[in-house]
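Welcome to my notebook. I jotted these entries while looking around the structure shown here.

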Amino acid sequence: MMKRLIERLRLLSSTMTFKQKLISFSIAASLIPLLALGMASSHLSVKNIQEEVVLNHQIILKQIGREVDSFLNQLHQSAIQIVTSPVIEKSIREGMSVQTFDDSSLVVDTIHQFRSHADLDFDVSVIYNQFGKVYSNRFGYVPLSEFPYKPILEQAVKQDNASIISPNTYPGQNELLVIRPVPLMERNAEGYVLLHVPADRLSRLLETIDLGYNRKILILDHRDSIVASQDQEDIGLELSAIANVQKPLESAYGFAQMIPWRDENYYLSQMDSSLHDWSFVTLTPAKELTGKSGSIVALTWIFVAALATLWIYISIAASKRLYFPIENLSSKFSSGGQASNDGLKDLEISLLRLTRSNQDLRQKLEEQLPYVEQNVLLQLLSGQIGDKEFKRQAARYGLTALDPRFVLLIIQADITEMLEKYSNSDSSLIMYAVRKMAEEICEQRGPCLSLVPKHGQIVLIISVHRGKGAEAAQYKALGDTIRENIKQFLRFTVTVSVSDPCQGYKHMAAAYSQALSLLDYRLFAGKDSTIIRAEVSSADKQPYAIMQEMVRSVVFDVSQADFSGAESKIEDIFRELSVSFRHTDAVMGLVSYLIGELHRLIHEMGYSIEEVYETDLYQELHQMTSLHNMKTWLATSVIGAMKDKLAALNRDERQTTISQVVQYMLENFQTDLSLQQVAERFELSPSQLSKWFKEEKNVNFSTYLIEIRIEQAKEWLIHTDLPIKEIAERLRYTTVHNFTRIFKKITGTPPGQFRNQYRGGNEQLTDKI
């Protein structure tokens, strides 16, 4: 029979033309593989659909796992940020009240900021254990006994200070709760922070996932209770109560088992969360899988039939369509070409769009060329590229051509002075003006490039042509011109440093480093100066130990309250610095050492640094731009401020001491009192006691003692018959003549005449006295 079939095919073939044979062979060659493909597809459809569903389950479970883990992590992070906030911690310790209204308002603002900046919607409650109060953006400031979540909080705290409580864990609890202790990680917490998240927030996560095939996704907590589902009626129920599933479920990808669910069979897959004790379950209806298998088989054979029909049509029409693309393209290039609706026209449109896109890209590239140039120059400054690479990129992007021999200038703006003249928002515009002004001045000498490595600093790379001078000193005048123009037109000062001339772009990084190091000499040269290497010294002449000894002498004067001496020694130090030290690091180190010694002295005196200084001295030190400014700052803001602050702190002690000294003088004026004796009695130095006495009484110690004794002499002269000699002896005068001289000097009359005036001519007054 097979022989007959072959014989008939041969006979038929002999009667067919070549075109018919070609068409017949094409049809046979296409139909046989298609039939085989259909049979294989039908055989494998059921198996493949099972594997596809398993894979989809894996993808869905991973996706929902990432979404939920990310959701819970964001809640944890928000809770930790609130708990560790200094404002919340302080509020937990001190509570909220009318007396702390500002702090309480700050707590409300802080919670509002955390809620507004978070990606999640949640409410916040702060529990004050020691005050029995709760502040919540939902309930307000209420007693803890009236807080709806108090029972839940008490039970949760017994189990764990920091926990997540699933919705419906407790009666009437329809929210996801996050509890964190304050302070964090403390077992005996002073308070708690409670985050409330609506339960439907988790369900909305599930709505964002494309499930297909009527699948269900469930999120289960550690109790096997459904936390989230597409069906709200499932939330709060236990999976085993609905689906008759026996715990534990298989914790792996694939089908754990077929389960009944609401009168329908489902394939179930489960995955545990890698970060929490929750798990995720995917349910796929069994009937959907069966129906899909049948649909795929039917679709496969329909597809095979469609392909066979299409191939037959293609085989017949191939000869007609063979030259159609070429004809169509030819007509497009001709002036009278007509539009076509087939794919070739679409190809042409695409090519035209591609051409326009290339033009747009070229235009954007030209707009970005300045930024490209800046990036290439920054790479050159940092040493990331050398001569060859720089030339290649310069040729590629059409950058400004420079001679390989160059000088590098750095223009460093005085930011503090600039911000005094212009607002911070205008600073970038002002620096742009500085850059353009410098470029115009430099281009008068030849080609140059400029870039901005950082705000406030501009680098100029200037070509040096042979025969025009290549010494750095010859470019100092150029730097001076730039400075003067900036000061004249923009009204602030800059410092310019000039590198030595270099040959080859590979030395650009070294030239930049050298110019930067020259800027370190601004303290000595001044902020409005041009610095070159030939004008600075690299050695510090004065031994550092000697300078440290001078610093210690300043601290000693301050400890003795000799602030004038301290200021004088600071003058000596800076006079020596300007001669012997020529590098900023050495100066900064020495002044930092002085500040450290003053801090130590303040601690030894029993005061804190914050009581004496309101700002960070080290931070202010690094803002100094010249030795003169640094010296003035030390004398006024450091030594002067310490003098004023310590004087204010010592004023009460001084007043009390002088009051005690006066009382002692009144009680002992008949003894041989002296400044030395009284100073030793009150454990003071004579100079300190004399200074305090003068400041409090506006007279010196000896004058005040004389006034006390003369007043007592008046009393004795008026009310007693004591001889003048005895009065002089009692008041510790060596001679009557000496006593009489001093008495007359103060009262205007001798002692005897003074007594007669009150006992003779003024008897009535004497009787009254």
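At what angle do the axes of helix α13 and helix α14 cross? I looked up α13 (residues 427-442) and α14 (residues 476-489): their axes come within 10 Å and cross at roughly 140°. Axes here are lines fitted to C-alpha atoms over the stretch in contact, with angles from 0 to 180 degrees between N-to-C directions. The two helices are therefore oblique to each other, as angles under 35 degrees count as roughly parallel, over 145 as roughly antiparallel, 65 to 115 as roughly perpendicular and the rest as oblique.

A note on the source: this is a predicted model, where local features need pLDDT of at least 70, side-chain atom pairs count only at pLDDT 80 or more, and totals for chains, interfaces and linings use all residues. Residues are numbered from 1 along each chain as its sequence is written, and side-chain values use heavy atoms, leaving out hydrogens and water.

Next I checked who meets whom (contact means heavy atoms within 4.5 Å). From α13, V434, M437, A438, I441 and C442 meet L478, T481, I482, N485, I486 and F489 of α14.

Then I turned to S463, which sits in strand β14 (residues 457-463). S463 is buried, at 3% relative accessible area; buried means under 20% (1.4 Å probe, protein chains only). Leaving out residues up to four places away in sequence, S463 touches L402, D403, R405, F406, P447 and Y475.

Last, I looked at L75, and beyond its neighbours within four places in sequence I found contacts with L120, F122, L176, V178, L195 and V197.

Definitions and conventions. Helix = DSSP H or I, 4+ residues; strand = E, 2+ residues; numbered from the N terminus. Buried < 20%, exposed > 50% of the residue type's maximum accessible area, 1.4 Å probe, protein only.
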